[in-house]
Amino acid sequence: MTPEAICLAFVLGAAASGHDRAAPLRPETEVAAVSAHLIAWLREPGSTSADALRERVARGAPPAALIAMLDAFQQAPRVELLDVVQQLASYRRVDVRARALVAWAAAGPSHSDRAIAAAATDMAPSIRRLALALSQRHPSAAAEVHVREMLAHDAALAAEAAALQDATADVDEAALDDEIIVLEPES
Amino acid sequence: MLRHAAMLALVLGTGACARVLPAQAPAHGSLRAEAVVAEGDVDAPAAALPLVVMVERDRVVAVDPIHGRTRWSLPLVVTGHPVASAYRVILPVRGQQLVVVDRDSGAIERTLVLPGEALTGVAIAEPWIVATVLEDRPGVRGQIMAFSTEDGDRLWRRDTAAPLGVPEVAGDVAVVPAGEQIVALRLRSGRELARLDVEAAGTQGLALERVAHRRGAWFAGAGTRWVDLGGETDATHELLAGHDDVFHATGRIDVGHSDDERVRLWLRWSDVDATPRDAMVLARRAVVAMRLDGQGQPLRGRWVHSEDEEIVAMEVLGDRVVLAREDGAIVVLDDSDGRVVRRIGGGEPIRGALVLGAPPKIRRNPRLADSPRVTADLHRLLQDPDPRLLPVQRIAADLLWRDDDVEVRRTVLALARGQSGPHDAATDAADTLQAHAQRLIATRWGSASREELAASLAQLRRRPAFGRVDEDFTPLVQQTVRSAQPEVTAELTALLLHPGTSTDALVGIVDALGAIDDAAALAALTTFVQRYHADAIVATESRAVQAAATIVLRFAAGGSPAGVQARTALRAIADDPLTEPALRTVIVRGLASLPADGDRVSAR
């Protein structure tokens, strides 16, 4: 049904990308500081850092910081912090929600199925489009069912998927990995 | 020999009446089939003449409540509850006797001597008087007997193995509670015609004190708990649920007028089906008239009336409510709005009264306008410090809580939280009223029926999701403010935190949670504000986040643990340099206006 794997990358205007190492805690007067703390806790093993990250997210963080943390989670998932990611999959903004779903799907086969199921019934068209892409990255019988059900109710997306399949039929899979799909925040 | 045998057979045949009525016997017959009563059986002209028979300490006085004239008086010490027909008044007096008096003239026609240890109850329907008494002989717990009103002859009597309740007479049948059963006897002969099991008497502890016949239907019970004897199921009607403790059971002995009667429930029955639709509750010196819902619960106040003296009797005659005061005064109210139509000054103090006259008028239009002052009067009643009014104050709280106007219901919330109330000191009445309000606010509010509330809740449980028909939650959310049940709070907070909830719906949900004022919403509201306080888009796309913060501030003013937590969360948001500026302003100003220590408030 679908073309070869489509690689997803999200372009963020605000998120910093140079979080190589957890920095010592500094006053969170900037979004970058919050991002740094979240990523540091994410990368630091142990329950103390997990609790710190969980508590900080619960207190509310700027969306850009959350996105940076979710991107880092996607690169190196920590299953014990999946509850944080799943909670952010209910964030009101599409960009945060999308990152959370991608991070959630990266945590493993059973988690990807559930992430795809959540994305497939989302009210936002772009999130449902993400379900389609995630099902390519994390194929499974369950994912296929969720996507088929979604496309049965979303004629526009079904047409889009069919057109994409035609357009990319001869494209090298390696090249697809470099494709970037930009998600615009929805009003 | 044969003649003797025939005589014996005849005696034994009619002496079926002499056999002891068993305490428990197989059910048989049909009460409805046997006790057929035509609606016009009462002598209308005579019955329409109103009369108030007032029981003084050692005298009975009959007063015309229209003209304020004494019709007659008798030097009698009345020890039980009088009953009356269109022509006679029966007065239980000392010495286990019944004095039969001409209703119009007061002339004593005769005195009937009763057997047994004590009177249980009396009923009259011309030409019969039926009385039940308590007995204490081996195998015999009671007796029931019938007398002729014309010559006073005792027509028959029967011993019973079960204690009896107060009888009712209708047509040519006497119906009486006997243990856990109801027995119908032919008035002419005392022969048992029907016997009915009342399962609720055994399984639910329903007290079978008396039988009542209303609009072709038979009921048995006491106080606020009654069972329809002709119903398809043995379901008990529990009217004014939660208030039955104030209506005292009279037991098997008629001890005459007592203070317990000054808390009384009067019911008006539907003319469509035999179900109670209107009620009046008398509590000492106040009367609250109300409309009941389909489950017999207070739905809407009609009017409130109070006196400065205790009221010992209350009855509805035609379209008037007649009250007899302890000082012998008579007050006549208009049934529709409770306004005073007439006052008749009192004489000697009275212990009780029997109010006689035309039956209550059928109110064909159940939507008749209530007193425009009723809501204000109910509020005022709640502020009265007299502990004797506690029964009607509890009902007043119920009625205000069933109002669709959230502003009207705030009184009950304030009462539950100890923020208002009638009693300055920590009295038992104050504690009881507050506890009642606390129980009340944990139940449904507004006027919607249980079925309507269940349907609304089921709709609210749906979540926004692609593939479902696009639905607007706004009308449903608005409805919860008018009438809903506490479970809606969880659904509203779930919708609050759901990403698919539209911005417009979000504002309505926050406003509804603010109006409902349920502390169970505090955690979700705080989460909502925390989650988006640093999100410039979500915090400004609508007023939802600021409105939620305002509600959280209101709860933070309280001293409850949840309020303290809310205050801590808000302080952290206020201190966060990344908080959306307009939101920070709201929170900082709100925190500054909070009392330092917080009030001692018990949030719902």
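One caution before the details. The model is predicted.

Start with the contact. Chain A gives 19 residues to it, and chain B gives 19 residues. Look at the side of chain A that touches chain B. There we have 7 nonpolar, 5 polar and 7 charged residues. That is all I have on the contact.

Now chain B, and strand 25. This strand covers residues 320-325. Is it buried or exposed? A residue counts as buried when 20 or more other C-beta atoms lie within 10 Å of its own. In strand 25 of chain B, 6 of the 6 residues are buried, so the strand is largely enclosed by the rest of the structure.

Next, the side chains. B:Arg320, B:Val322 and B:Ala324 point one way from strand 25 of chain B. B:Val321, B:Leu323 and B:Arg325 point the other way. Note the two ends of that list: B:Arg320 and B:Arg325 are buried too.

What does strand 25 of chain B pair with? Take strand 24 of chain B, residues 311-317. It runs antiparallel to strand 25, over 6 bridges. B:Ala313 sits opposite B:Ala324 of strand 25. The two strands make a hairpin, with 2 residues between them. B:Gly318 is in that turn, and its phi is positive, about 60°.

Then strand 26 of chain B, residues 330-334. It is antiparallel to strand 25 as well, and 5 bridges join the two. Here B:Leu323 faces B:Val331 of strand 26. Again we get a hairpin, this time with 4 residues between the strands. B:Gly328 in the turn has a positive phi of about 90°.

Which residue of chain B has a positive phi although it is not a glycine? B:Gln96 does, at about 60°. Find B:Gln96 in the loop between strand 5 (88-93) and strand 6 (97-102) of chain B. B:Gln96 has 18 other C-beta atoms within 10 Å, so it is partly exposed.

B:Asp517 is another non-glycine with a positive phi, near 60°. Its loop lies between helix 12 (503-516) and helix 13 (522-532) of chain B. B:Asp517 has 18 C-beta neighbours inside 10 Å, so it too counts as partly exposed.

Last item: a cis peptide bond. Where is it? It joins B:Glu126 and B:Pro127, with omega about 0°. B:Pro127 falls in the loop between strand 8 (118-125) and strand 9 (128-137) of chain B.

Note on methods
Residues are numbered from 1 along each chain as its sequence is written. Chains are lettered from A and ligands numbered from 1 in the order in which they are written. This is a predicted model: local features need pLDDT of at least 70, side-chain atom pairs count only at pLDDT 80 or more; totals for chains, interfaces and linings use all residues. Two residues are in contact if their C-beta atoms, placed from the backbone, lie within 7 Å. Ala, Val, Leu, Ile, Met, Phe, Trp, Tyr, Cys and Pro count as nonpolar, Asp, Glu, Lys and Arg as charged, and the others, Gly among them, as polar. A residue is buried if 20 or more other C-beta atoms lie within 10 Å of its own, exposed if 12 or fewer, and partly exposed in between; C-beta atoms are placed from the backbone. Two strands pair if DSSP finds at least two bridges between them.
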